Amino acid sequence: MADTNDWTPTSWRSKPIKQEVVYDNQLAVNKAVTKLSNLPPLVTAHEIWKLRASLRDVALGKSFLLQGGDCAELFSYCNAGSIDSKTKLLLQMSLVLVYGANKPVVRIARMAGQYAKPRSSPMETQPDGTKIPSFRGDILNGFPAEERAIDPGRLVEAYFHSAATLNYLRAQLASGVADLHNPLDWNLGHVSDPDLAERYHKIVDSIAESLRFMRTIGADTAGQLQTVDLYTSHEGLLLEYESAMTRKLRHPNNKFSACAGTPAEAHSNNSDSEDDEDESGHYNTSAHFLWVGDRTRQPDHAHIEYFRGIINPIGIKVGPTTSVSDLCELLDVVNPDKEIGKVTLITRYGQDKVADLLPTHIKAVRESGHIVVWQCDPMHGNTRSTATGIKTRSFGAVFNELEASLRIHRALGSVLGGVHLELTGDDVTECTGGSVGLEDEDLGSRYETFCDPRLNEKQALELAFLIAGFQRK
Ligand code: PEP
Ligand code: MN
């Protein structure tokens, strides 16, 4: 179990920390942390183990992982329309990927808690030359210039916005928003290239046909077509929040004994004993899945210290500055028992670097004996600025990195287990390219992100079609 070796939910406090937050009002922070520590969990140990079992399947090549959502959620995104459009998009993309990979798809939203952002500088220069604190996400301060002071009360607000988002998400899923008996609106009118349009329509027809067939033969006896699992995730950046949301809980049962090395397997004979210490462990109850960002993944620093103690499946961003030795050390620190699929390596090199860097990382991890989920984040290595200084990403670059990753894994006998995307269900203009044909000059019309540029609904769905096309080759 990871709970050995002096780990506690707050042992990270004794380590050096990146992206540190300096609070003026420690009393208010303590009050927020106490409040969070007493609020009910947002997710359960049962759900966390269920996701771990699913990610084990992804690591073994039996399922595919789709993870996506905003770069930074704002509290104002906690409304029915935004949640519905993202849910619908993730569902549609996942159906396309099921078709492409010919495997079940595990869905994780970057949603219901993605409120903290790492920044390259703590201060930002305004157009008039004045400096103000950078926006660090709604969990700490507000985007408007006059709201940039850190407000510890926002930690608790973050919990309630997560709770409201998750509550609506769960209610919608339970009420049939993802019921595959209902026809889906695929909205492909913008695809003007006839070859592409034909390829996409072929995929949609094939999905519709499969669903029709299952209904006809009554394959839905257990109601599997009525709803889907959708897990939540965010970057585990703000450790005051994450450690306050960490609870010591008993292992739910041994239903997920597919997870090698779980307490359920080790102690399957005495799973009824109420207070068996070995049966319990620490769970981050703010989300099912958390990842550590590219800027905070130093093996001997605070974030990795926190991450090594939680039972949740975790992600680690891996980029051009990740050395092979750091990568192997990180895996040993956060997953000493080498549990399959416990760790997802989220690679984000950029289209120009992926061919140089990914093969070395794949070989090193293989030699280390760890079996991870390899997930491609084709967004964060491909950010560029337009001539007028707008931060964007081109659809072509995003797809290039993704396609190169698929090709490299295949060539090395490894599996690309999933994709990690920044997307929104809304019709924004933040990334260029794709069949919507956005150019640099078009970005001004609906550029709404407060952080990184996101694929819009059409671009995200198109990316899923292209991945599926590649997988079917
Ligand atoms: C992110 O996922 O929004 C992010 C900040 O990524 P990275 O840590 O890879 O830069
Ligand atoms: Mn981002």
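This is a predicted model: local features need pLDDT of at least 70, side-chain atom pairs count only at pLDDT 80 or more; totals for chains, interfaces and linings use all residues.
A residue counts as buried when its relative accessible area is under 20%. E422 has a relative accessible area of 0%, so E422 is buried.

E422 lies in strand β14. Setting aside residues up to four places away in sequence, E422 touches G69, C71, R110, M379, H380, R393, D452, P453, R454 and L455. With one of these, R110, the contact is polar: 3.1 Å joins the side chains of E422 and R110.

Which residues coordinate the manganese ion (ligand 2)? They are C71, through SG, H380, through NE2, E422, through OE, and D452, through OD. The distances run from 2.2 to 2.5 Å. Along the sequence, these donors follow the spacing C-x308-H-x41-E-x29-D. E422 sits in strand β14 (residues 418-422), while D452 sits in the loop between β14 and α12 (457-472), so this pair ties together parts that are 30 residues apart in sequence. Both E422 and D452 are buried.

Now take the cysteine of the site. C71 is found in the loop between β1 (64-69) and α3 (80-101). Is C71 buried or exposed? Its relative accessibility is 0%, so C71 counts as buried. Apart from neighbours within four places in sequence, C71 is in contact with R110, Q114, K117, E422, C451, D452 and R454. L95 is another matter. C71 and L95 are 24 residues apart in sequence, and their C-alpha atoms are 23 Å apart in space.

Next comes ligand 1. What surrounds ligand 1? The residues are C71, R110, K117, P118, E235, G293, D294, K317, R348, H380 and E422. Several side chains meet oxygen atoms of ligand 1. For R348, an N or O atom of the side chain is 2.7 Å from an oxygen of ligand 1. For K317, a polar side-chain atom lies 2.8 Å from an oxygen of ligand 1. For H380, the distance from a polar side-chain atom to an oxygen of ligand 1 is 3.0 Å. Taken alone, ligand 1 exposes 290 Å², and the protein buries 95% of that.

Turn now to a helix. In α9 (residues 324-334), the buried residues include L327, C328, L330, L331 and V334. They cover an arc of only 155 degrees around the axis, which puts them on the same side of α9. An α-helix has 3.6 residues a turn, so residues three or four places apart point the same way. What covers the buried residues of α9? The cover includes α8 (302-307), β9 (314-318), β10 (343-347) and α10 (354-368).

Finally, look at the backbone. Most residues other than glycine have a negative phi. Q19 is not a glycine, yet has a positive phi of about 55 degrees. Q19 lies in the segment before α1 (26-38). N102 is not a glycine either, and has a positive phi of about 60 degrees. N102 is placed in the loop between α3 and β2 (105-110). Exposed means over 50% relative accessible area. N102 is at 64% relative accessibility, so N102 counts as exposed.

Notes. Residues are numbered from 1 along each chain as its sequence is written. Chains are lettered from A and ligands numbered from 1 in the order in which they are written. Side-chain values use heavy atoms; hydrogens and water are left out. Donors are N, O and S atoms within 2.8 Å of the metal (3.2 Å for Na, K and Ca); water is not among the atoms, so sites may look incomplete. Helices (H or I, at least four residues) and strands (E, at least two) are DSSP runs, numbered from the N terminus. Buried means under 20% relative accessible area, exposed over 50%, partly exposed in between (1.4 Å probe, protein chains only). The arc is that of the directions from the helix axis to the C-beta atoms. Contact means heavy atoms within 4.5 Å. A residue is near a molecule or strand if one of its heavy atoms lies within 4 Å of it. A polar contact is a pair of N or O atoms within 3.5 Å; within protein, one must be able to donate a hydrogen and the other to accept it, and residues adjacent in sequence count only if both atoms are side-chain atoms. Accessible areas come from the Shrake-Rupley method with a 1.4 Å probe; for residues, only the protein chains shown count as cover.
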